[in-house]
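Please look through the sequence and the three-dimensional view below before reading on.

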Amino acid sequence: MKRKVYDNHGRLINYVRLAVTDRCNLRCFYCMPEEGIEYVAKEDLLTYEEMDRLITLLAGMGIEKVRITGGEPFVRKDMLEFLFNLCKIPGINKVNITTNGTLTAPIVGDLKKMGIHSVNLSLDTLDPDRFFEITRRNVFPKVMETFDALINHGMPTKINAVIMDGKNTQDILPMVQLTKDYPVSVRFIEEMPFNGTGDYYPKLEWNYQRIIEHIRESYPDLEKLPDPPNSTSYNYQIPGHQGSIGVIAAFSRTFCGTCNRIRITPQGMLKTCLYDDGVFNVRDIIRAGATDEQLHATFAEAIGNRAKNGFEAEKNRQFGFPASESMSTIGG
Ligand code: SAM
Ligand code: SF4
């Protein structure tokens with residue numbers, strides 16, 4: 001029988017988010033400062049061999065789903081080969097990717113062929129000028145090429161849009177309108193305080209409720225869809241539209257009660273909550289010569305001591321809050 005692992009709050013843990021690099025070719029202002037962040041030295045990043053070993057080990061503990069994120073996954077060399085091997089690890093039945101889409105269009109066919117289950121494309125606006133303002137890079141057409149390639153290859157696609165007061169709230173309705181003609185899920189995400197500067201807005205102007213109300217004003221027939229188990233989004237559909245809409249209360253943290261995921265950062269830190277500042281460094285343990293049994297026991301102990309929710313994890317941070325991390329070192 002397949003193994004399963006539960007945390008100390010009775011939640012089944014079957015999902016890992018692996019940030020394969022902290023490097024990125026964009027500078028989204030909610031994630032990184034304009035000058036970038038101090039990147040982790042190359043030798044301190046987990047190697048592909050180490051990541052393969054970890055995912056194989058976690059699959060043996062009951063992890064079934066992996067999301068590859070970053071930084072931008074496709075700025076790391078030989079990523080396709082790594083993904084190809086990852087898709088073949090026994091027990092892993094879903095490999096998903098989150099990407100900014102700047103380098104992704106030419107390889108969508110390869111991703112589909114190797115068995116990538118779905119792609120989340122980050123796109124906060126459909127307006128090229130606002131795209132530049134938000135990401136500080138002039139590559140909107142490249143991202144739209146990726147959008148087209150995902151649709152043309154029939155890749156299950158979600159669009160991630162972080163909603164920010166004074167920046168892109170005028171994009172909410174045009175992005176909702178995308179769901180009319182395209183079978184995509186457009187997900188509006190509350191901004192979280194991980195922009196790499198430590199600046200913090202204690203009051204979120206656009207929380208999930210305000211986003212939903214705003215959509216409903218223009219689409220009074222907005223229909224609630226059942227939320228899948230462990231879903232982080234409240235899901236909706238407009239009758240007659242091909243796609244759907246999701247709203248993610250990432251800062252309000254309404255979904256912690258069913259959280260089924262752990263995270264591994266590019267430098268090998270295990271996070272059992274997005275809001276914690278790391279439980280142990282798995283890279284150090286591997287490089288000190290740990291056996292699989294020792295690694296298994298260390299993961300099991302960490303999973304057995306998870307914070308109840310993101311508020312408790314935030315309170316327990318050793319390095320305090322507001323956080324100075326960039327989301328590119330966490331993976332979202
Ligand atoms: N570079 C890839 C991308 O942008 O899709 C993957 C890494 S990125 C850190 C993963 C996701 O986190 C993206 O959808 C991004 O929009 C989201 N994200 C980054 N910073 C955020 C923040 N401060 N609040 C909410 N979401 C954020
Ligand atoms: Fe890069 Fe993604 Fe962060 Fe934007 S959100 S700066 S694309 S890692």
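Predicted model: local features only at pLDDT ≥ 70, side-chain atom pairs only at ≥ 80, totals over all residues.

Residues are numbered from 1 along each chain as its sequence is written, chains are lettered from A and ligands numbered from 1 in the order in which they are written, and side-chain values use heavy atoms, with hydrogens and water left out.

**The chain as a whole**

The chain has 10 helices and 12 strands, where helices (H or I, at least four residues) and strands (E, at least two) are DSSP runs numbered from the N terminus. Its radius of gyration, taken over C-alpha atoms, is 19 Å, close to the 20 Å that the globule rule gives for 332 residues, so the chain is as compact as a globular protein of that length; the rule itself is 2.2 Å times the number of residues to the power 0.38. Along the principal axes, the C-alpha atoms fill a box of roughly 55 × 45 × 40 Å.

Of the 332 residues, 55% count as buried, meaning under 20% relative accessible area, while exposed means over 50% and partly exposed lies in between (1.4 Å probe, protein chains only). Among contacts (heavy atoms within 4.5 Å) between residues at least 6 apart in sequence, 72% join residues at least 24 apart.

**Around ligand 1**

The shell of ligand 1 holds 18 residues, and the closest are Tyr30, Gly71, Ser122, Asn160 and Met192; a residue is near the ligand if one of its heavy atoms lies within 4 Å of it. Strands β3 (94-99) and β5 (157-163) each supply at least two residues of this shell. The table lists polar contacts, which are pairs of N or O atoms within 3.5 Å.

| Protein N or O atom | Ligand 1 atom | Distance |
|---|---|---|
| Gly71, backbone | nitrogen | 3.0 Å |
| Ser122, side chain | oxygen | 2.5 Å |
| Met192, backbone | nitrogen | 2.8 Å |

Taken alone, ligand 1 exposes 540 Å², and the protein buries 95% of that, with accessible areas coming from the Shrake-Rupley method with a 1.4 Å probe.

**A residue in helix α1**

Thr56 is found in helix α1, which covers residues 48-61, and it counts as partly exposed because its relative accessibility is 42%. Although Thr56 and Asp292 are 236 residues apart in sequence, their C-alpha atoms are 10.0 Å apart in space.

Definitions and conventions. Polar contact = N/O pair within 3.5 Å; in protein donor to acceptor, adjacent residues only side chain to side chain.
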